[in-house]
Amino acid sequence: MPLGGGNDPVKAIHIAGTCDTKGEEVAWLRDLVVAAGHPAVIVDLGSRAPTIAPDEQAAEVAACHPEGIEISTTDRGAAVAAMGTAFAAWCRANVERISGIIAVGGGGGTSIACAGMRELPYGVPKLMVSTLASGDTAPYVGTSDIVMVPSVTDIAGLNRLSRVILSNAAHALIGAVSAPPPATATDLPAIGLTMFGVTTPCVTAITDHLRDRYDCLVFHATGTGGRAMERLLDQRLLSGLIDITTTEIADLLFGGVLPALPDRLDVVARTGAPWVGSVGALDMVNFWAPATVPDRYHDRMFYHHNPNVTLMRTTPDENAAMGRWIGAKLNACPGPIRLLVPEKGISALDIDGGPFWDPKADAALFQALKDTITDPARLIFLPHHINDPAFARAAADTFLSLMRP
């Protein structure tokens, strides 16, 4: 069931694919679903005449495009992009009919199918069997809960291996759809919190302080984590945010591999939701293995977290730029806002004697925030390290004060 959804039954498992080129595989999936006792609906995403009889014609999907489109057979790139937009709109319009969805595709089919799946609520089972599943799936999954399954062989007709892969995928989806939704552990209002390894003590302590009043959803601040949290806030599924770890902004501004999008914090302005934040892990920009660090940063200070993660210490100028960026965003927020500044360090590495301890860099960040934020009451300086228990207590108490009527 969707996160926060009601009890109304949904009608069918949907099987999506380009039925002109993947008809055999789509039909195989349909037969597996029906054999397991579930109703099935085939949705054609192709641009040419299907080789099987779909339940939802490609033209019907294309008609959902907000600008109205005709399926192109000449410009494949344009057809894939347009059909992805159309399928996203189709999924939004038909969400109540979808108990679960499984799709099969190569590059184009994966792009189209995932564009639709991403529009479905969290908790609706979504499974994509794809030739691209063993590569970088971030553009396809985004902030959704799509499960990607490698097809291993190309999707070019059934064979002894593809039958096994597709059968496993179909029965995984059938199991998810068949299982009763887990009982909700609490009816407390939900809030979102951002955490990184270097701010874990702080966020863990905050959740301990608040768990008797709120269902605390902690998001890993890896770019997609912040986007998922803000998406839930936009859907009014969160009552507020304790955004302690804003490190994704450093990666956005300075080319790291775990970036926020430029619209980070805009949802706080749009919703007017209560927000308590901090500057957690703005002392670092994230890269993968050392070879992935851009040449322009060759003379910088690095911390090798593990062989696959390289952290770069931010400079005073970079910290000042982040302070101005965050301050401008918060100035646009009409709701109850507080930014807590830990004066004795902003991550587990930025501590007296630690590898990223740099009081000048931190001071540049703090001063830029002070210079930019127009309402001084929104900015609270605390004589603590971010991971000190007293800082966590102050963050929890500040949030509670904003939530009081």
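**Cavity, sheet and a loop residue**

Guide: The largest cavity holds about 60 Å³ of space. This is a predicted model: local features need pLDDT of at least 70, side-chain atom pairs count only at pLDDT 80 or more, and totals for chains, interfaces and linings use all residues. Residues are numbered from 1 along each chain as its sequence is written, and side-chain values use heavy atoms, with hydrogens and water left out.

Visitor: Which helix gives the most to the lining of the largest cavity?

Guide: Helix α6 (residues 160-178) does, with 3 residues. Helices here are DSSP runs of H or I, at least four residues, and strands are runs of E, at least two, numbered from the N terminus.

Visitor: Switching topic. What is the strand order in the open sheet?

Guide: The order is β2-β1-β3-β4-β5, with parallel pairing. Strands pair if DSSP finds at least two bridges between them. β2 (40-44) and β5 (147-150) stand at the edges with a single partner strand each, so one side of each lacks a neighbour in the sheet.

Visitor: How many bridges join β1 and β2?

Guide: Strand β1 (residues 12-17) pairs with β2 over 5 bridges. Ile15 has Ile42 in β2 as its bridge partner.

Visitor: Now Ser347. Buried or exposed?

Guide: Ser347 is buried, with a relative accessible area of 0%. Buried means under 20%, exposed over 50%, partly exposed in between (1.4 Å probe, protein chains only). Ser347 sits in the loop between β13 (337-342) and α12 (359-372).

Visitor: What is Ser347 in contact with, leaving aside neighbours within four places in sequence?

Guide: Val198, Ala281, Asp283, Met284, His385, Ile386 and Asn387. Contact means heavy atoms within 4.5 Å.

Terms used:
On a 1 Å grid over the protein atoms alone, a cavity is a set of points where a 1.4 Å probe fits but cannot get out, and a pocket is an open set with protein on both sides within 12 Å along at least five of seven lines; lining residues have an atom within 4 Å of a point. Grid points are joined across faces, edges and corners, and a volume is the space filled by probe spheres set on the points.
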